[in-house]
Structure formats: structure tokens, C-alpha cells
Amino acid sequence: MRRLRTASARRLTAILVIASALALTAGIAQGALTGAGPTPSPKALANAVLDAFNAPEPEGVTAKIEFTNDLLPSGSLPNGMASPLAAGADGRLWIQKDGDFRVELQSDAGDAQIVSVGDKVTVYDASSNTLYRATLPDDARDVAKPGDRGDEKLTPARIQKALDRLAKTWTISGADPTSTAGQPTYTVRVSPKDDGGLLGTAELAWDSVRGAPLRAAVYAQGRSEPVLELKATEVSYDAVADSAVDVAPPADAKVTDLSPSDARHTGKGHERGARHADVTGVAAVQRELGFDLVAPGELAGLPRKEVRLVTLDGDKAALAIYGESFGAIGVLQRATKQDTAKDAGGDRALRLPEINIDGATGSELATALGTVVTFERGGVSYVVAGSVPPVAAENAARGLK
């Protein structure tokens, strides 16, 4: 699949994950997948993938879209004030030939913009005037171009070999003929074989003629309808101007930087030698922090796998990962900001239940795909998150001693 398709599919999926972690995503029925419209001829998955790679390169993609978010529990959204990132919305999508794109979600509470240009990704939420930004790591932005693989030729056999490797850890469907946005599409479904956390199934539909992705959906365990879905309802394949994609957020937006501590030194305009080494390990990260790091060797029965220095709002913070794969739990620690209580969001804030973490009052966001627990203690703010049930996240929070 050429640059537009590989870049947009992989980066769009990654950015949807980032946005959902910020409170992304009311279910679209499965029947919408196979509604009225042309469907392609049945075909083996390997052949359908090969045809997508070899399809004529679109000059660009412009689409009307529907974004569905059924993650947040009932009653947690502010009445009439929900961000389209949290409540779902209709909107528009532009993708350029080089893979840069913009997603615009429209609502009375204020539009949301997701922009990916080069190695920079931004998510702007007008309802709170907040900008989240990140610099993509090298392996996410170095997308293979035609000819980069030397004399290697993509064949159904090579694709099938790759699918067979993937099938060792994932259950993969065939290429099901469907129709999306009035275009003939193939849809593939994948689900984890082992510990997938609360993830049930993920689906991707692409244009059978042009190879462009037109729908992505995520299902939670036990759910027959998606909890997250982004799909095109109308689409055209004309060239997209730079002005449709590279849109700057307001200058007075509150900025949260989600880049790893070294990523901001690897983008365009920086010399290779300016890259900072990753700061990892308990001792090394502790030396960079102005508070005592809490990182036990085991948490909620999961072994500690990594501790890494990150930066949020210009402040140094620590991210610890416990366990592996989708069942892992992440713990973010940072010094408590003095104005945190004043900037809690007012009428726009999510209404979350309070929980007791060994004497500290915290809040809990339990969704179909995972749980987030936040609390403060001793001048340190903690965020515990994972694709786990509430009891597991609460046990992990109480284990931070």
C-alpha cells in the first residue's frame, strides 16, 4: 500500500488511541457496515491486501465522517457541554497524498481538530481551549515508500506469510465484502488470542479499488456494537490543499505536550546530534524529578517492565509500565500543580465517582475499554490507567506506597 494508505491508516489509528486516552469517543449498528451500496467480489485476504497496495494512488481524500464514542459511562458527560471528542460527532476529514491529514469534529460545545503534519500531531479541543501535541517517534513517521524495499516484490505468498505470523497472537478474519460511504470495501476483523485486556475486536474497512481506509472501529469484550468508530459517509479522491490540513490552533490555547522527553529534539530542523538520550530506569528517572518516585517492582500482580522520563506541560514526569500487551497498567506521576483545583474544568468537567485510595480522595473513570484512576498524595499527582476492570486499577493505585 502506497504512502497515503500506509501513513494515514497507521497514524490515524495511533492518533485515535491518543485521543481516546484524553477522553475520546453512542454506537453505530453493525448493519451500517453492509448498508445499500456496491460490494466487491469475494477475495482471499492476502489478495485483497495486495490489490490495495497496488491500487492507483489517490491524489487525496476528502470525506464527511461520523465519529462514535460510547466509551464514557452514562451520566459522566456535562449536560449540553460535552466535547465532540468525548460525545462523538459528525465532521470532515482531509488526507493529502503524502499522508498528512486533518480531522474536524463539529459540535455546539466547540469543534475539535486532530492534525498530523510531518512528525507533529496535535489535538485541539475548542470546548476547553486545550491543545494536546506530540512528536511522533522515528518508527511511526518513517513510512516505507515505493522502492524502499530494494528488489523485494510483494506477492500474495509474502503477504500470507506475514498474516500467518500475525495469526499466532491475533485471530484474523477474511476480507469480507462490504460497502462504506457508497464505495465497495473489504473489511477485516482482528481480535487478540491471549491477554487483550478489555479489547474485543477491531475492524478496518478499505476501498477495494483505491485502497484508502474508510472505516475503523473498536469493540469491547461482550459488545456487539462498536465503542469507538470513525467512518466516512461520503468520500472523494481529489487533491487536498495544504490550507485544508495545516490549520493552526488559537495562540492562547492551553498546551499539554505528550511527547517523550527526547522526541522534541528529533523533528525537522534539528541536527541528528541534538537528540537527547532516553532517560529510563528508576534511579535515572528519580535524579530528574523534584519529588520521590514510587515504582515498586510489582503492582497488582504485574511485574514492572519500564520506567521512563516524560514531559507534561513543560514539567518532568515519570511513566511506569507494569505487565505487557493490552493487559498492562501505566502509572504517571508528576508534581501537583498549585492551580490544579482552580482549573478543574467547571461546568465542562466530567462527573466522575470519587474513590478512597488509602485515605486520599481520588476519581475513577471506568469505560468499556479500560479504567483511569487519579489521585493526589504528598504533593504528587498520580494517574493509573489500563485496559483493565476498575478493581484492578484500584488495586494498582493502592499499591503505590
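User: Which residues is Leu-400 in contact with, leaving aside its neighbours within four places in sequence?

Analyst: In this predicted model, Leu-400 touches Val-294, Pro-296, Leu-299, Val-331, Phe-375, Arg-377, Tyr-382 and Val-384, once neighbours within four places in sequence are left aside.

User: How should I read the core around such a residue, and which residues have the most contacts inside the largest nonpolar core?

Analyst: In soluble globular proteins, nonpolar side chains tend to be buried together. Here the largest nonpolar core has 29 residues, and Val-285, Val-373, Phe-375, Val-384 and Leu-400 have the most contacts inside it. Two or more residues of this core come from each of helix 7 (282-288), strands 15 (302-312), 16 (315-322), 17 (329-335), 18 (354-357), 20 (371-377) and 21 (380-386), and helix 8 (390-398). Another core, of 28 residues, lies apart from it; Phe-101, Ala-112, Ala-220 and Val-235 are among its members.

User: How do helix 2 and helix 5 cross, and which residues meet there?

Analyst: The axes of helix 2 (residues 45-54) and helix 5 (residues 156-166) come within 9 Å and cross at roughly 115°, and the crossing is right-handed. Leu-45, Ala-46, Asn-47, Val-49 and Leu-50 of helix 2 meet Pro-156, Ile-159, Gln-160 and Leu-163 of helix 5. By class, the residues of this contact are seven nonpolar, two polar and no charged.

User: Is Asp-207 buried or exposed, and what does its side chain reach?

Analyst: Accessibility comes first, then the partners. Asp-207, in strand 10 (residues 199-207), counts as buried because its relative accessibility is 0%, with the cut-off for buried at under 20%. Its side chain reaches the backbone nitrogen of Arg-210 at 3.1 Å. Beyond four places in sequence, Asp-207 is in contact with Gln-183, Pro-184, Thr-185, Ala-212, Leu-214 and Tyr-237.

User: Which residues have a positive phi although they are not glycines, and where do they lie?

Analyst: Two cases can be taken in turn. Asn-129 has a phi of about 50° and sits in the loop between strand 5 (120-125) and strand 6 (130-135). Ser-325 has a phi of about 55° and lies in the loop between strand 16 and strand 17. Ser-325 counts as exposed because its relative accessibility is 56%.

User: What does Ala-87 count as, at 31% relative accessibility?

Analyst: Ala-87 counts as partly exposed at that value. The residue lies in helix 3 (residues 84-87).

Technical notes:
Residues are numbered from 1 along each chain as its sequence is written. This is a predicted model: local features need pLDDT of at least 70, side-chain atom pairs count only at pLDDT 80 or more; totals for chains, interfaces and linings use all residues. Side-chain values use heavy atoms; hydrogens and water are left out. A nonpolar core is a set of buried Ala, Val, Leu, Ile, Met, Phe, Trp, Tyr and Cys residues joined through side-chain atoms within 4.5 Å. Buried means under 20% relative accessible area, exposed over 50%, partly exposed in between (1.4 Å probe, protein chains only). Helices (H or I, at least four residues) and strands (E, at least two) are DSSP runs, numbered from the N terminus. Contact means heavy atoms within 4.5 Å. Axes are lines fitted to C-alpha atoms, for helices over the stretch in contact, and angles run from 0 to 180 degrees between N-to-C directions. A crossing is left-handed if the near helix is turned anticlockwise from the far one by less than a right angle, and right-handed if clockwise. Ala, Val, Leu, Ile, Met, Phe, Trp, Tyr, Cys and Pro count as nonpolar, Asp, Glu, Lys and Arg as charged, and the others, Gly among them, as polar. A polar contact is a pair of N or O atoms within 3.5 Å; within protein, one must be able to donate a hydrogen and the other to accept it, and residues adjacent in sequence count only if both atoms are side-chain atoms.
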